[in-house]
Amino acid sequence: MKVNIFTDGACSGNPGPGGWGALLVAKKNGKVISEKKIYGGEKNTTNNRMELMAAINALNILTKRSEVTIITDSKYLKDGMTKWLDQWLLNNWRNKANKDVKNVDLWKEIYHLSKNHDISWTWVKGHDNHEENEKADYLARLGMEQFKINI
């Protein structure tokens, strides 16, 4: 089975109340067989954490090994998984400046989840009328709403 996962994270203030959203589209023989929308959030977080949480929560839904394409507008998420991860692993989760990798708890989780699937990563420009990315953005903002305080 092939699954496209469109993810986004949002934050009102950084840090501040945040949300994550993901749209999962499963295909078999080129035809959409299911679509699922998920979202959530946290009271005090960062945009980068929410970007990671969107991918983590989407991967957690998959029950069997799949061919997955994660489409994100977060270069932090894409580059972390495709450019930086190998070096972090070699350096015991320390970056080029020999400092602890930020959000290491989430990076470790997504790393372990990624072993269960064949994943490719695609970056799209955010807020550029990409239909599924706009849906993921909407879901992320929906996940954030419950944590925003209206004064």
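Leaving aside neighbours within four places in sequence, which residues is Ser-66 in contact with? The first legend below has the reply. The model is predicted, so local features need pLDDT of at least 70 and side-chain atom pairs count only at pLDDT 80 or more, while totals for chains, interfaces and linings use all residues. Residues are numbered from 1 along each chain as its sequence is written, and side-chain values use heavy atoms, with hydrogens and water left out.

**View 1. Ser-66 sits in the loop between helix H1 (47–61) and strand S4 (67–72).** Helices (H or I, at least four residues) and strands (E, at least two) are DSSP runs, numbered from the N terminus. Beyond its neighbours within four places in sequence, Ser-66 is in contact with Met-1, Val-3, Asn-116, His-117 and Asp-118, where contact means heavy atoms within 4.5 Å. A polar atom of the Ser-66 side chain lies 2.9 Å from the backbone oxygen of Lys-64. Ser-66 has a relative accessible area of 4%, so it is buried. For this and the later views, buried means under 20% relative accessible area, exposed over 50%, and partly exposed in between (1.4 Å probe, protein chains only).

**View 2. Strand S4 has parallel partners in S1 and S5.** Six bridges join S1 to S4, and six bridges join S4 to S5. Two strands pair if DSSP finds at least two bridges between them. To get your bearings, look for Lys-2, whose bridge partner in S4 is Glu-67, and for Ile-71, which stands opposite Thr-122 in S5.

**View 3. Asp-73 occupies the loop between S4 and H2.** Is Asp-73 buried or exposed? Its relative accessibility is 16%, so Asp-73 counts as buried. Not counting residues up to four places away in sequence, Asp-73 touches Thr-7, Asp-8, Glu-51, Trp-123, Val-124, Lys-125, Gly-126 and Asn-133. Asn-4 is 69 residues from Asp-73 in sequence, and the C-alpha to C-alpha distance is 14 Å.

**View 4. A cis peptide bond joins Asn-14 and Pro-15.** Omega is about 15° here, and Pro-15 belongs to the loop between strand S1 (2–11) and strand S2 (16–28). Most residues other than glycine have a negative phi, and most peptide bonds are trans.

View 5. With 11% relative accessibility, Trp-93 counts as buried. His-127 is exposed, because its relative accessible area is 59%.

**View 6. Gly-30 lies in the loop between S2 and strand S3 (31–45).** A relative accessible area of 65% is why Gly-30 is classed as exposed. Gly-30 and Met-1 are 29 residues apart in sequence, with 9.5 Å between their C-alpha atoms.

**View 7. Tyr-39, Tyr-138 and Leu-142 form a nonpolar patch on the surface.** Together they have about 300 Å² of accessible area. Tyr-138 lies in helix H4 and is partly exposed, with a relative accessible area of 47%. Accessible areas come from the Shrake-Rupley method with a 1.4 Å probe; for residues, only the protein chains shown count as cover. Patches are made of residues with over 30% relative accessible area and no salt bridge; like charges are joined within 9 Å, nonpolar side chains (Val, Leu, Ile, Met, Phe, Trp, Tyr) within 5 Å. A salt bridge is a side-chain nitrogen of Lys or Arg within 4 Å of a carboxyl oxygen of Asp or Glu.

Terms used: Polar contact = N/O pair within 3.5 Å; in protein donor to acceptor, adjacent residues only side chain to side chain.
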